[in-house]
Amino acid sequence: MVKLKVSIIVPTYNREGYLKECLNSIINQNYPNLEIIVTDDNSTDNTENIVKEYIKRYPFIKYVKNKKYPKGPNGNKNNGLDNATGDIIGIFDDDDDILVENSLNMMVSKLQGYDIVMGNCEILSNRGDNGMFAGKGLYKSQEVNYIDYLCGKISGEYWSIFKKEILGNKRFDTDLYGGEGTLWRGIMKGKKIYYIHKAVRIYRINDNSVMQNTIKKADIVIKNYERDIEYYGDDMKKYCPCHLATIYKGASYFAKLSKDIKKSFLYIFESIKLCPKYIKAYIMLIIIFLPIKFIQFLTNLKDHFAKN
């Protein structure tokens with residue numbers, strides 16, 4: 001019996017130091033009907049030459065440059081999706097991902113009868129969470145409910161493969177900074193999902209503070225929250241208004257950092273209205289009155305204790 005074709009998309013940009021390890025981990029899965037698509041956001045290092053050397057040995061690797069979409073992670077992933085020809089798709093970041101041995105065969109075998117199969121990720125870091133699961137909220141192999149994902153009962157990092165047919169014309173929003181969850185929620189809604197309670201991916205956490213990077217891009221990051229409210233706010237208000245309150249609180253925080261104080265107040269009052277018992281919303285109300293430099297100092301302090 002011929003196995004379904006799997007397309008693994010590897011978005012890359014100037015990461016020649018990580019790319020080989022990532023590609024080797026996928027190749028070593030020994031999946032018999034595999035396509036690896038390295039989508040390059042026009043790197044200026046040795047990435048192209050590295051991939052072309054791999055293609056000589058592994059003709060199932062395809063190298064495509066992102067010429068169609070705006071430069072950035074989401075546009076680069078969309079370029080990979082456009083070039084995927086498999087029945088099943090997975091997206092694998094080259095800077096922090098290593099695929100655990102035999103994970104792909106295991107996940108594909110579980111895909112029969114489901115639209116999406118997800119597994120957990122093992123953290124690789126120099127912090128206290130090294131070796132722990134990055135995905136939170138699931139403690140055994142089981143079917144997954146879209147509402148639980150929508151409402152934040154399932155959080156953190158997982159790795160998934162899905163049937164290409166459920167993707168349709170959906171793509172990552174290139175106006176967002178990250179914000180991949182906005183697409184994943186749309187893909188998952190109404191679909192059958194299975195979770196494998198094993199680490200299928202090694203998830204490397206770099207020393208650079210994610211929060212510091214998002215602070216620098218606050219005026220873009222706020223769009224992630226606003227898009228979730230726009231697309232999924234009605235569902236969250238129906239099933240989990242207090243979780244929706246956390247989304248509004250996040251939007252308020254980044255509105256503050258982007259110096260839109262009026263919007264920051266509007267969002268935090270909406271958060272309190274949705275969930276009056278949500279203590280962090282009241283804390284955020286106080287934060288709105290603080291200088292931005294002091295907020296950044298508190299973030300630095302939080303990062304320091306997280307790493308030590």
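## Cys151 and Cys240

Cys151 and Cys240 form a disulfide (a pair of cysteine sulfur atoms within 2.5 Å), with their sulfurs 2.1 Å apart. This link ties together distant parts of the chain, 89 residues apart: Cys151 lies in the loop between helix 5 (146–150) and strand 9 (155–156), and Cys240 in the loop between helix 8 (218–239) and helix 9 (241–257). Helices (H or I, at least four residues) and strands (E, at least two) are DSSP runs numbered from the N terminus.

The S-S torsion here is about -80 degrees, so this disulfide is left-handed. Both cysteines are buried, which means under 20% relative accessible area, while exposed is over 50% and partly exposed is in between (1.4 Å probe, protein chains only).

## About the model

This is a predicted model, where local features need pLDDT of at least 70, side-chain atom pairs need 80 or more, and totals for chains, interfaces and linings use all residues. Residues are numbered from 1 along each chain as its sequence is written, and side-chain values use heavy atoms, leaving out hydrogens and water.

## The other cysteines

The whole structure has two disulfides. Cys242 and Cys275 make up a pair with sulfurs 2.0 Å apart, and with 80 degrees about the S-S bond this link is right-handed. Cys242 is partly exposed at 28%, whereas Cys275 is buried at 3%.

What about Cys121: how far is its sulfur from the closest cysteine sulfur? That distance is 13 Å, to Cys22, too far for a bond. Cys22 is buried at 0%, and Cys121 is buried at 0%.
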